[in-house]
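This report describes the pockets of one protein model and the surroundings of its ligand. Please read it alongside the sequence and the coordinates.

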Amino acid sequence: MLALSNVEVLYAEVILALKGVSMQVPQRGCVALLGANGAGKSTTLKAISGVIDSEDGRVSGGLIAFEGQPIHGQDSATVVRAGLVHVMEGRRVLPHMTVEQNLIIGGHMFKSAAAMRQALAAVYQAIPRLADLRRRVAGYLSGGEQQMLVIGRAIMAEPRLMLIDEPSLGLAPRMIEEVFALLHRLREQGLALLIVEQNTRVALEIADYGYVMESGRIVLEGDAQELRANEDVREFYLGLD
Ligand code: ATP
C-alpha cells in the first residue's frame with residue numbers, strides 16, 4: 001500500500017536526515033517505526049505526508065508510492081485527498097474551539113453539509129468518547145482525550161492509511177491503553193497504520209511488523225513478534241529488559 005525506496009531527506013539543503021530509507025506498509029497492515037531520539041522517525045513520516053516542505057526540508061532522493069502512485073514532492077493536502085493522513089506529534093488541537101469544531105476542520109474537504117454530518121456520525125461511532133465530549137472546549141480535555149480528538153479529526157478525512165507520531169507521549173498508562181485500544185479498533189475496520197513510538201512495548205503489541213532506525217537509516221526490521229523476542233534487539237535498540 002505504501003512503499004518507500006531509498007528515500008533521502010535534506011533539511012536546509014545541508015543536513016541529510018534520511019540516508020536511503022526503504023520500507024513498506026501492506027494493505028490493512030500495522031507497522032511500527034522505532035528508534036532513539038533524532039534517528040529520523042518523524043522525518044520519515046513528514047516526508048511521506050508532504051509536510052516536510054513547511055520545515056525547510058525536501059525529499060532529495062528515492063521514491064515514495066502510495067497505492068502504486070508516486071507521492072513524493074506532492075503537497076500535504078493532495079496526499080490527504082489520496083487517502084493518507086498524518087497525526088503529528090504533540091496533539092495539536094485548536095484549544096479554544098469545541099471538540100466538534102475541531103472535527104469539522106478535519107472534514108474541510110467535504111462539499112456538502114450532509115457529507116460532513118455523515119463523517120461526524122462515523123467518527124462518533126468509532127470514538128464514542130468524542131460524542132460525549134462534543135461541546136467541550138478542546139483545550140480543557142485531558143491528554144488522552146486530546147489524542148483521541150486528533151485521531152478523530154484525522155479520520156474525518158476518511159483515510160485508508162494513517163501515519164501517527166508518538167501517540168503515547170506524556171500519557172498515563174491507562175490512557176495509553178485506551179488510545180491503543182482505539183487504534184486497534186480502527187485497524188479492525190480496515191485502516192492501515194504506520195506508528196512511530198518511543199514506547200516500543202505497546203507499539204510491538206499492536207504492530208505486525210517493525211523497523212528500527214538509527215542515524216537516518218533502517219538498521220533492523222522483522223516481524224513484531226520476532227523483534228519482541230530477540231534479546232539483542234531488546235537490549236540495544238529497544239531499551240527493554
Ligand atoms: P524524535 O523522536 O526526537 O522526534 P526522530 O527519530 O523523530 O526523533 P527526527 O525528528 O526525524 O528524529 O530528526 C532526525 C534528524 O533531523 C535529527 O538530527 C534532527 O536534528 C534533524 N532535524 C529534524 N527536523 C529538522 C529541521 N526542521 N531542520 C533541520 N534539521 C532537522
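## Terms and basis

On a 1 Å grid over the protein atoms alone, a pocket is an open set of points where a 1.4 Å probe fits, with protein on both sides within 12 Å along at least five of seven lines, and its lining residues have an atom within 4 Å of a point. Grid points are joined across faces, edges and corners, and a volume is the space filled by probe spheres set on the points.

The model is predicted, with local features requiring pLDDT of at least 70 and side-chain atom pairs pLDDT 80 or more, while totals for chains, interfaces and linings use all residues. Residues are numbered from 1 along each chain as its sequence is written, and side-chain values use heavy atoms, leaving out hydrogens and water.

## The second largest pocket

The second largest pocket holds about 260 Å³ of space, and the residues that line it include Ala119, Ile155, Glu158, Pro159 and Leu191. Helix 4, residues 113–126, gives the most to this lining, with five residues (helices are DSSP runs of H or I with at least four residues, strands are runs of E with at least two, and both are numbered from the N terminus).

By class, the lining of the second largest pocket divides into eight nonpolar, three polar and one charged residue, where Ala, Val, Leu, Ile, Met, Phe, Trp, Tyr, Cys and Pro count as nonpolar, Asp, Glu, Lys and Arg as charged, and the others, Gly among them, as polar.

## The largest pocket

The volume of the largest pocket is about 580 Å³. Of the 22 residues that line it, Val80, Val85, His86, Met88 and Arg153 lie nearest its centre.

Helix 2 (76–81), strand 6 (84–87), helix 3 (99–106) and helix 6 (143–155) each supply at least two residues of this lining, and helix 2 gives the most, with five. The lining of the largest pocket comprises 13 nonpolar, five polar and four charged residues.

## The ligand and its shell

The ligand is surrounded by 15 residues, the closest being Gly38, Gly40, Lys41, Ser42 and Thr43, where a residue counts as near if one of its heavy atoms lies within 4 Å. Strand 2 (15–25) and helix 1 (41–49) each supply at least two residues of this shell, and helix 1 gives the most, with three. The shell has five nonpolar, six polar and four charged residues.

An oxygen atom of the ligand lies 2.7 Å from a backbone N or O atom of Gly38, and an oxygen atom of the ligand is 2.9 Å from a side-chain N or O atom of Lys41. Taken alone, the ligand exposes 630 Å², of which the protein buries 66%, with accessible areas coming from the Shrake-Rupley method with a 1.4 Å probe.

Definitions and conventions. A polar contact is a pair of N or O atoms within 3.5 Å; within protein, one must be able to donate a hydrogen and the other to accept it, and residues adjacent in sequence count only if both atoms are side-chain atoms.
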